Amino acid sequence: MLRFWFAFAALIWSLAVTGFLAFGPVYSWSTTVSESATGQERVTEMTGHKSDLEVNGLVFLRAAAIPLILCIASVLGYRWRGVAFASAALLLGFCVVGAASMGLFYLPAVVMLILAGTRSMGDAEAHHHPR
């Protein structure tokens, strides 16, 4: 049963990261406007923040779906050890390819999926002795 909980923890982590990247202040911007009328210079600086979803739109949604799909597959297929290992390997590839942007945020999910794959189905039952 530990295999399920590690896969579930990876899914929860991926959902949290995706939610933060989608709606959190990931990008910051700054604009300087300089006006010169009547010989006086007036400088206005505006700053703000945008989310990944605001900046990248559908491209972000397609990329963010990959870790979620892999983690959902591990949760649904927790009875088969290979599903967790395959998901971990594919998610690690995603982390490497997307390391410059959002990939590294999903590394804890890779670790959790590897842990899910290393657990046998009998781990929980081995520590429980019914009377």
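## Ser14 in helix 1

Ser14 sits in helix 1, which spans residues 2-23. Helices here are DSSP runs of H or I with at least four residues, numbered from the N terminus. This is a predicted model, in which local features need pLDDT of at least 70, side-chain atom pairs count only at pLDDT 80 or more, and totals for chains, interfaces and linings use all residues. Residues are numbered from 1 along each chain as its sequence is written, and side-chain values use heavy atoms, with hydrogens and water left out.

Ser14 has a relative accessible area of 0%, so it counts as buried. Buried means under 20% relative accessible area (1.4 Å probe, protein chains only). Not counting residues up to four places away in sequence, Ser14 touches Pro67, Leu68, Cys71, Tyr106 and Ala109. Contact means heavy atoms within 4.5 Å.

## Helix 1 against helix 3

Helix 3 covers residues 58-76, and helix 1 packs on it at an angle of about 165°, with the axes 8 Å apart. Helix 1 is therefore roughly antiparallel to helix 3. The cut-off for roughly antiparallel is an angle over 145 degrees. Axes are lines fitted to C-alpha atoms over the stretch in contact, and angles run from 0 to 180 degrees between N-to-C directions. Helix 1 passes helix 3 in a left-handed crossing. Left-handed means that the near helix is turned anticlockwise from the far one by less than a right angle.

Helix 1 brings Phe4, Ala7, Phe8, Ala10, Leu11, Ser14, Leu15, Thr18, Leu21 and Ala22 to the contact. Helix 3 brings Phe60, Ala64, Pro67, Leu68, Cys71, Ile72, Ser74 and Val75. By class, the contact of helix 1 with helix 3 has 15 nonpolar, three polar and no charged residues. Ala, Val, Leu, Ile, Met, Phe, Trp, Tyr, Cys and Pro count as nonpolar, Asp, Glu, Lys and Arg as charged, and the others, Gly among them, as polar.

## Helix 4 against helix 5

Helix 4 (residues 81-97) packs with helix 5 at an angle of about 160°. Their axes are 8 Å apart. That makes helix 4 roughly antiparallel to helix 5. The crossing of the pair is left-handed. The contact of helix 4 with helix 5 holds twelve nonpolar, three polar and one charged residues.

From helix 4, the residues that meet helix 5 are Arg81, Ala84, Phe85, Ser87, Ala88, Leu91, Leu92 and Cys95. Their partners in helix 5 are Leu107, Ala109, Val110, Leu113, Ile114, Ala116, Gly117 and Thr118.

Ser87 is in helix 4. Its relative accessibility is 4%, so Ser87 counts as buried. Beyond residues up to four places away in sequence, Ser87 touches Leu70, Ala73, Ser74 and Leu113.

Ala116 lies in helix 5, residues 107-118. Ala116 is buried because its relative accessibility is 0%. Leaving aside neighbours within four places in sequence, Ala116 is in contact with Arg3, Phe6, Ala7 and Ala84. Val83 is 33 residues from Ala116 in sequence, and their C-alpha atoms are 9.6 Å apart.

## Cysteines

A disulfide is a covalent bond between the sulfur atoms of two cysteines. The cut-off used is a pair of cysteine sulfur atoms within 2.5 Å. The whole structure has zero disulfides.

The cysteine sulfur closest to that of Cys71 is in Cys95, 9.6 Å away, too far for a bond. Cys71 is buried at a relative accessible area of 0%. Cys95 also counts as buried, at 2% relative accessibility.

Methods
Helices (H or I, at least four residues) and strands (E, at least two) are DSSP runs, numbered from the N terminus. Buried means under 20% relative accessible area, exposed over 50%, partly exposed in between (1.4 Å probe, protein chains only). Angles under 35 degrees count as roughly parallel, over 145 as roughly antiparallel, 65 to 115 as roughly perpendicular and the rest as oblique.
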